[in-house]
Amino acid sequence: MKNSTAPNRKTGRMIAKNLIVLFTVALAGFCGIQAWFTDKNSVDANGIEVECQAPDGIEIAVVGHGAPAPTAYKTGNITLSKANCNFLDKLQLTEITGDGTYFSKPSLIQSGGQAHVNPDGEWSKPTENLHYLSFDLYIRAKSQYNISIGKKSTIKPDAPQLTTQDGTGIKNKSKYGNFSRDSVVGAVRFSVVDYKQDPPSKKLLWLPAPNILLKQTTDAYTLSDNMPSGESYSHVYYDTKKAQQTISDSKTDSAFVVNKDGFVDGKFTYELGKNQTIARLEKPSGTGQENDQFYSAMVTCNMWIEGEDAEARLALVNGKFNVNLVLTKETKES
C-alpha cells in the first residue's frame, strides 16, 4: 500500500479536464490528496472534450458505457463535448483499483496520517463516467478488418520535462519537490474490454508511463523519470476477493502491455510500442440483419487512476497528461 504524509482526507478528487481520447491530445487535471482518499462532492469536470478520428474506410461512434447503440456513425474527426455528450458532464478521475474489467473503491482506514485499505470494511463499486472514464466504441466498415490500438499511441505527461536538480524549468511544478505534478500519468491505466463475452474479454491493459516512480521518505518526495525496469513496470491492484495482485508481464495477463523498450535517445516515448488488436469486424447475425452492408464491432474503453500506484498521491495533485490513441486496421486473416 502506498503511503502519504497528508493527514487531511477531505481535499477534492481528481478532475478530468479537456479529455481527448482518440487520435488527439487530452489534458486531464485532477484534485486529490493521497493514494486513497474520499470524495469531495463539489468537484466538477471542467472543459471535457473528446475528439475522435477514424482511419480511412472505418466509421466510428462513441457513447457512454451501457448507453443505447448509436444511430449515426462518422468518418474522419468527430468531437464530443459537454455541450453534446451528457456522459462527460460529471466525470472525475477518482483513484480506484481493478484489473481493467472490473473496479472497486476499497474501504479505507487512517493511521498516522496515512490511508490504508481495510479488507474488513465495506467496499463499493465505482460509477463509470463519474469515478473513471468508460465509453463504448462502435466500429464498422464495408470490408472485414482487425482493429488495433496502434503502436504509436501515447499517454504522456503534458510537461516536456518532469524533474531537474534545482527545480528550474519545470512546468506545473509540485510544491513537494523538484518535479512536475504531471507525473501523475504514472498512475494512469487504460483498458479495452469486450463485455459482451462471459466472462468479459480483456483486449488491452496498458500501463503507459512505467519510467516514472515517485518515492517518499519520512519528510520528502523524490521523483525518477528514467526507470528502466522494476516495480513501476507492474500493475498492482486489489481483486474481487480484496486480495492484492500484481500483473508484471503478458504471461501474467495476455492483455497487459508495458513498453520495456520505450527509451529513445535517453527519453521515454510513452508509446504503446506494439499494435494491440482490440476487435475483429464481423457481419451482424440475427433476424433483420441479413442485408446489413457493414462489418462491425463494439468494445468498451476504460481509463482510470490506479490508487495502488505510487503516483496517485498529494504531491501530484493538479497534474495533466496527454492521450493520443491511434486506431489502425489490418485485413482479417482467414
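## The lining of the largest pocket

Seven nonpolar, seven polar and four charged residues make up the lining of the largest pocket. Here Ala, Val, Leu, Ile, Met, Phe, Trp, Tyr, Cys and Pro count as nonpolar, Asp, Glu, Lys and Arg as charged, and the others, Gly among them, as polar. A pocket is an open set of points on a 1 Å grid over the protein atoms alone, where a 1.4 Å probe fits, with protein on both sides within 12 Å along at least five of seven lines; lining residues have an atom within 4 Å of a point.

Of the 18 lining residues, Pro160, Asp225, Lys267, Phe268 and Tyr270 lie nearest the centre. Strand E10 (154-157) and strand E19 (267-268) each give two or more residues to this lining. Strands are DSSP runs of at least two residues, numbered from the N terminus.

## About the model

This is a predicted model, where local features need pLDDT of at least 70 and side-chain atom pairs count only at pLDDT 80 or more, while totals for chains, interfaces and linings use all residues. Residues are numbered from 1 along each chain as its sequence is written, and side-chain values use heavy atoms, leaving out hydrogens and water.

## A three-stranded sheet

Now look for an open sheet of three strands, in the order E20-E9-E23, with antiparallel pairing. Two strands pair if DSSP finds at least two bridges between them. Strand E20 (276-280) and strand E23 (327-331) are the edge strands, each pairing on one side only.

Strand E9 (residues 145-149) pairs with E20 over four bridges, in the antiparallel sense. Asn146 has Arg280 in E20 as its bridge partner.
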